[in-house]
Amino acid sequence: MASKSFKRLRRVGDRQTLRLTHYGRKTGRPYDVTIWYLVDDDRLYLVSANAARNWVRNVKVRPAISLRVGDEVFDGNVRAITDAQEREKVNRLVERKYWFVIPILRLGRLLRLGRFFASIGIIRDNSIAFEVILADD
């Protein structure tokens, strides 16, 4: 059975972005950023093409977050996705929701096929994904 949080999230889950409040890894100060997100069944994911972004570095140290989607606010914690199969599932969700970036994503994957391209620094996958574990209402 879906939590109350997921029921509320499904009502607003078709939006393109959400507002993430994260906390500074050194200061604990709150920061806001607008980012992409994905909802699949009873899972919520956050993604970034650049793992060096401040919000990513912050949630790795301080996983407690708050999300605003439309008029709804959700609290929770993030978990970095490290499993290859789970990450591929998230990649497919990104392609389905954000279809307009498919050419860029596919080009990146094509160029990453050979370790040679990575070794000479032509392209590197610096993306990251997190699962959000929502606090129950």
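The model is predicted: local features need pLDDT of at least 70 and side-chain atom pairs count only at pLDDT 80 or more, while totals for chains, interfaces and linings use all residues. Residues are numbered from 1 along each chain as its sequence is written, and side-chain values use heavy atoms, with hydrogens and water left out.

The six strands close into a barrel, ordered β1-β2-β3-β6-β5-β4 with antiparallel pairing; two strands pair if DSSP finds at least two bridges between them. On average, neighbouring strands of this sheet are turned by 45° against each other, direction ignored. Strands β4 (residues 64–69) and β5 (residues 72–80) are joined antiparallel over six bridges, and V69 has E72 in β5 as its bridge partner.

Of the 137 residues, 38% are buried, meaning under 20% relative accessible area (1.4 Å probe, protein chains only). The largest nonpolar core has 32 residues, among which L20, L46, W55 and L67 touch the most other members; such a core is a set of buried Ala, Val, Leu, Ile, Met, Phe, Trp, Tyr and Cys residues joined through side-chain atoms within 4.5 Å. Strand β6 (residues 128–134) contributes the most to this core, with five residues.

Leaving aside residues up to four places away in sequence, L67 touches several residues, including L18, L20, L46, F74 and V132; contact means heavy atoms within 4.5 Å.

Methods
Buried < 20%, exposed > 50% of the residue type's maximum accessible area, 1.4 Å probe, protein only. Helix = DSSP H or I, 4+ residues; strand = E, 2+ residues; numbered from the N terminus. Axes fitted to C-alpha atoms, helices over the stretch in contact; angles between N-to-C directions.
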